Amino acid sequence: MTTMDMATGSIASRPQAGIGRAARRVFWPSARVRAACAFLAPVAVLVAALIAAPLAGVVWNSLHHASLIDATVGGFAGLDNFRMVLDDEHFLPALTHTLVWTILSVAGEYACGLATALALAQPFRGRALVRGLIILPWVIPIAIAGVNWAWLLNPDYGVLNAWLVRMGVLAEPHDWLGRSETALLTVTLVNVWRSFPFYTISLLAALTSIPDDLYEAAALDGAGIVRRFFVITLPHLRPVSLTLIVIHVIWTAINFDFIWVMTQGGPLDATETLPILIYRYAMQEFDVGLACALATLSMAAMATLFLVQALVVRAREAR
Amino acid sequence: MTSIRLRQVSKTFGEKTVIPPLDLEIAGGEFVVFVGPSGCGKSTLLRLIAGLEEISGGTIEIDGRDVSQAPPAERGLAMVFQSYALYPHMSVAENIGFPLKMAGVPKAAIAGKVAEAASRLNLTELLERRPSQLSGGQRQRVAIGRAIVRAPKAFLFDEPLSNLDAALRAGMRIEISELHRQLGTTMIYVTHDQVEAMTMADTIVVLNKGRIEQIGSPLEIYNTPANLFVAQFIGSPTMNILRGPAADALGAPVIGIRPEHLTIVPAAGNGTADGLPGIAALSEHLGSDTFVHVRLNEGATVNARVTGEFRIDRGAPVMVVPERAHLHRFTANGEALRI
């Protein structure tokens, strides 16, 4: 059968097949939808098994009594676990520490990231090398960075304390991580040091995509260097900034390893954040229900933040 | 009306000299077009005048005042960029009003001037839109609006029509020329398109490798090119060039003939005193004209323009007859011979 014959045949046979096809369409998805489902199925299975099921498990456990060491503990708890978390004297300080740690970290990271990105956007000799080197803190594993900083900051043999004393900034070595008034700020500073290169790279990519013509047009229009920064640079950085800040607020608020490696939440709970508290509930008090209740609260807060960001972006795009 | 004078202005990037020292005077109210091939330095020269690049030597005067070291904003010039350079997060009205805002003009006055510019450029309906919601032609109008609203001493255009399609380009050419007629402000316009240069300019400055090859009115440049470069750069299709015995027979080492000054006649033997024998190699039919490419027996290929439709078989023997009154004679170095 030639191509022409096939085409004619298919057109001729259409009226008879019409009713059957229409009927089938109601109960059976089209080949296109079936193919899409087939391609999506592996990912759907993975997401269900690795993300949805554990999350559902957390929510389930938050509503039940569960212990890691006592199999007799069980049964529906309703909102008891949530009530206990909110009544816990550790909760409000941990929440406050989490807010301080998150806000200061993200603000410091953004400021350092923006400053370095602006500096690295300027032409100077050796720029490519510096652009490569600046990423180093970010590629060092958190555990190694944390342990190294704990050494550097040690009051007895830490290099930083020795330098600060030698330069006359301090009269005697200070136990940065061991004193409750400086521990949270110190851990936050180290976190800023570790995370700002990610901002640098992202903001630098956005900066280099701004056409020079815009700056030149603004210069001719009478805008000075500061004005050009606010009128051209910042608006261009707004989308990437919003994304950077939202994902880092989430990453920082749920960060466990940095603080655990450096202070384990101490001294005297001065660096105890919500993730540390969750760990304590689960691994030191063995109360899975309580840990899951706090994790659920934390997850709800993060999900709300993400949703708000998505809505803001959508509203802006619609404009 | 603002005059601009360049004295021994040069530009070097490191070791590389992009613009050797040159002099140029632009009279007040003149529409001057810098034209030349890519990389000839025409945009660099414009940017030197704008203050977007620092000059390496010489002086630039605007209305007699030395502005060589003045920042761009203090030169009182407005520039329209090839990319339009509109602020993407601002509305059309904010874009047009931006230079006035920078100059500290009160809001009410800005609104009035923006409305006036918008009405002149047919942008009134689009004032609240963002640049991303506009077509290329509309964006170009906004860029022009931003330039005219501040009543600059002179306008600088850097290949402003390059990103537009052919039909829109023709329309915008007329609009910019009309704008110049209405405002009477000095305009410097950079293009690589000789049609724009010929149709818009009072004065054309032909540039090549950073040097000025010729300055003159469009017809002066077309009719009496100073050298072979200008002769071949201006005019479409390009001027035919003859060398060797064919040129010697016409009285110069190099002869230039524009396609419209060649006549095609059927071959009547092996050449006459006035004609060059050859065979028709290719015909291009444009409707209004036909361009016939003829491979001459002496080797060169020439392009002859015939008005209207003209049919000739490929390979047909023909005689190409140049109009002697319109021959351009050049030395072997390419300089024009004036007789």
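Two residues are in contact if their C-beta atoms, placed from the backbone, lie within 7 Å. The contacts below belong to a predicted model, in which local features need pLDDT of at least 70 and side-chain atom pairs count only at pLDDT 80 or more, while totals for chains, interfaces and linings use all residues. Residues are numbered from 1 along each chain as its sequence is written, and chains are lettered from A and ligands numbered from 1 in the order in which they are written.

Chain A contains 14 helices and zero strands; helices (H or I, at least four residues) and strands (E, at least two) are DSSP runs, numbered from the N terminus. Along the sequence, the pattern of chain A reads α-α-α-α-α-α-α-α-α-α-α-α-α-α. The C-alpha trace of chain A spans about 95 × 75 × 35 Å along its principal axes. The radius of gyration of chain A is 28 Å, whereas a compact globule of 319 residues would have a value near 20 Å. This radius is taken over C-alpha atoms, and the globule rule is 2.2 Å times the number of residues to the power 0.38. Of the 319 residues in chain A, 27% count as buried. A residue is buried if 20 or more other C-beta atoms lie within 10 Å of its own, exposed if 12 or fewer, and partly exposed in between. Among the contacts in chain A with a separation of 6 or more, 68% are between residues 24 or more positions apart.

Two packed helices are described by the angle between their axes and the distance between the axes. Axes are lines fitted to C-alpha atoms, for helices over the stretch in contact, and angles run from 0 to 180 degrees between N-to-C directions. Helix 4 (residues 91–121) of chain A packs with helix 11 of chain A at an angle of about 140°, and their axes are 9 Å apart. Helix 4 of chain A is therefore oblique to helix 11 of chain A. Angles under 35 degrees count as roughly parallel, over 145 as roughly antiparallel, 65 to 115 as roughly perpendicular and the rest as oblique. The crossing of these two helices is right-handed; a crossing is left-handed if the near helix is turned anticlockwise from the far one by less than a right angle, and right-handed if clockwise. From helix 4 of chain A, the residues that meet helix 11 of chain A are Thr98(A), Trp101(A), Thr102(A), Ser105(A), Val106(A), Glu109(A) and Tyr110(A). Their partners in helix 11 of chain A are Ile245(A), His248(A), Val249(A), Thr252(A) and Ala253(A). By class, this contact has six nonpolar, five polar and one charged residues. Ala, Val, Leu, Ile, Met, Phe, Trp, Tyr, Cys and Pro count as nonpolar, Asp, Glu, Lys and Arg as charged, and the others, Gly among them, as polar.

Helix 4 of chain A also holds Ala107(A). Ala107(A) counts as partly exposed because 13 other C-beta atoms lie within 10 Å. The C-alpha atoms of Ala107(A) and Leu160(A) are separated by 24 Å, and the two residues are 53 residues apart along the chain.

Helix 3 of chain A contributes Asn81(A), Phe82(A), Met84(A) and Val85(A) to the contact, and helix 14 of chain A contributes Gly289(A), Leu290(A), Ala293(A), Leu294(A) and Leu297(A). These residues divide into seven nonpolar, two polar and no charged.

Between the chains, 13 residues of chain A are in contact with 16 residues of chain B. On the side of chain A that touches chain B, helix 10 (212–220) and helix 11 (225–253) of chain A each supply at least two residues. Helix 10 of chain A provides the largest share, six residues. By class, this side of chain A has nine nonpolar, one polar and three charged residues.

Most residues other than glycine have a negative phi, and most peptide bonds are trans. The loop between helix 12 (257–262) and helix 13 (274–284) of chain A contains Pro267(A), and the peptide bond from Gly266(A) to Pro267(A) is cis, with omega near -5°. Gln264(A) lies in the loop between helix 12 and helix 13 of chain A and has a positive phi, near 55°. In chain B, the peptide bond from Ser236(B) to Pro237(B) is cis, with omega near -5°.
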